Amino acid sequence: MSDKFAALKAHHAKVADRKILDLFGPGAGHQARAHQFSARAGEMLLDFSKTNIDETALGLLLTLAESAGVVTQRAAMFGGEKINETEGRAVLHTALRAAEDAVVRVDGRDVMPLVRAIRGRMVAFVNDVRSGAFKGQGGPITDVINIGIGGSDLGPAMATIALSPYGDGPKLHYVSNVDGAHIADTLKGLDPETTLVIVASKTFTTIETMTNADTAKAWMAQKVVNPAAQFCAVSTAGDKTTAYGIAPERVFGFEDWVGGRYSLWGPIGLGVMLSIGPEAFGEFLAGGLAMDRHFLTEPLATSMPVLLALVGIWHNQICDYATRAVLPYDQRLSRLPAYLQQLEMESNGKRVSMDGVDLPYNSGPVVWGEPGTNGQHAFYQLIHQGTRVVPCEFLVAKQGHEPDLAHQHLLLVSNCLAQSEALLRGRSLQEATAIMAKKGLTGAELDRQARHRVFPGNRPTTTLAYPKLTPFTLGQIIALYEHRVFVEGVILGINSYDQWGVELGKELALALQPILEGKAGTDGKDGSTVALVSYLRI
Ligand code: F6P
């Protein structure tokens, strides 16, 4: 482990037991900490003052980021260098939201003309579908099914829900699971004659997606004479989309320098664009670009993605908190935790450094969460009183989309703030005893009951606050998390852009299929798998 990590560990050991609340200091000065331990990006505010990070820790964390080469690596990523070394690829999802006049080179070739051309084709197609110029056999398109999985599903599905107040196009449905239940339930009630299917797969080989696409095609063929005419494809594999029978004018390609979990900004966002229209989609891209500019120009010490990453490193690698809860107090961000699970865990869930050496520290945390206030009535019990510390990351908008329900938004915001306050302050045994004594308890029963009502507090949280969940804001938020993952990955010295860890299970699933069908024997399989096969074989 580097001396920088060791210095942070040593500092943490010294301060681990102190009260975060005390860091705020007494009297009017207590707001100074909130100011010092927060960041602004445009109109967004990230408050990380309710963590145990002090000036020394922040200084050490910033030195760690500097010495890890965040600035050099950032230039390498935006400059089209092949920082995804195990796949020999550049990492350029930022090109998909770059400025109109940007020049971005990969292997000496400017990729922006292609990016603009494909976006232009997407816009034309989306306008045709939304205006009714593009028709299904039964007339204008009423419903769109996006069939994809992982990065070809989670991003657009999350964004479609997040931006539903802007959704004035056809109704979007997302099918990902190979479980036939998913597509069967989705197709129920849809009219094949007015449905458009997007087959979204970077590789166009993913078994879940191709199987669901076949099912959708067969469903459509029952009523539609030429089902392929109501299919479009989003992929890097033009040859395979053609072989699948999808006409090139309805194929929207992208290049291998866009990773699946980073692909929402380009053709994988087709479903989102169909739902909210090209203009609002353009605002989403502008939000991402605004965050890119912030990331590129702001010094590390005031950069929101860098600071968010450093909070992550502090909690995960230094304090050894194994998980990170993402808690949006914004119902329309209900799929953000699932989206971030892939973004963060597929990116930074690695066991070796870039040069193949075992990591001397933990890699990325387990990311999970649910929207508030629902989570409060489910798992917050453990967050407040469980024996493990779970750093919580709250997200909340100043304003909702329902002016008539402003009183509900007020309740939502007060709940969000109450949770971070409760986690910070806790409730001492003395306070709990006073409360229970007022209720008339005395003696041993008072003591016993009071103990159950103690909140240890001192549990770290961050809050990301933004004006309103608009397309622009969503773009900022998603780009913020992408860059956070990048910075954490650079500090850990890992490749955040491959995903070899998903391969073994895929291979074994292929081999198990004939075994389950009774076409192959179980030789070489472990005893547990053999027993489960014998139970599950039909
Ligand atoms: O299995 C993991 C994965 O490769 C993800 O990285 C990717 O987002 C997903 O599968 C889907 O891949 P594709 O878009 O090629 O179908």
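**Exercises on a predicted model**

The protein exposes about 23,700 Å², of which carbon and sulfur atoms supply 55%. The structure is a predicted model, and the exercises below move from the whole chain to one residue.

**Exercise 1.** Determine whether the radius of gyration of the protein agrees with that of a compact globule.

*Solution.* Begin with the length: for 538 residues, a compact globule would have a radius of gyration near 24 Å. The protein has 25 Å, which agrees with that expectation. Next, take the extent of the C-alpha trace, which spans about 80 × 60 × 55 Å along the principal axes.

**Exercise 2.** Describe how the protein is divided into domains, and state how far apart the centres of domain 1 and domain 3 lie.

*Solution.* Domain 1 is made up of the segments 2–25, 32–77, 284–425 and 459–498, while domain 2 covers 111–276 and domain 3 covers 503–536. Taken over C-alpha atoms, the centres of domain 1 and domain 3 are separated by 41 Å.

**Exercise 3.** Is Leu196 buried or exposed, and which residues beyond its sequence neighbours does Leu196 contact?

*Solution.* First locate Leu196, which belongs to strand β9 (residues 195–200). Because its relative accessibility is 0%, Leu196 counts as buried, the cut-off being under 20%. Leaving aside neighbours within four places in sequence, its contacts include Phe125, Val129, Phe134, Ile141 and Leu274. Cys232 is also one of these contacts; although 36 residues separate Leu196 and Cys232 in sequence, their C-alpha atoms are 7.7 Å apart.

Methods: Residues numbered from 1 in each chain as written. Predicted model: local features only at pLDDT ≥ 70, side-chain atom pairs only at ≥ 80, totals over all residues. Heavy atoms only, no water. Rg over C-alpha atoms; globule rule 2.2 N^0.38 Å. Areas by Shrake-Rupley, 256 points an atom, 1.4 Å probe, with all protein chains shown as cover. Domains from an automatic or database assignment. Helix = DSSP H or I, 4+ residues; strand = E, 2+ residues; numbered from the N terminus. Buried < 20%, exposed > 50% of the residue type's maximum accessible area, 1.4 Å probe, protein only. Contact = heavy atoms within 4.5 Å.
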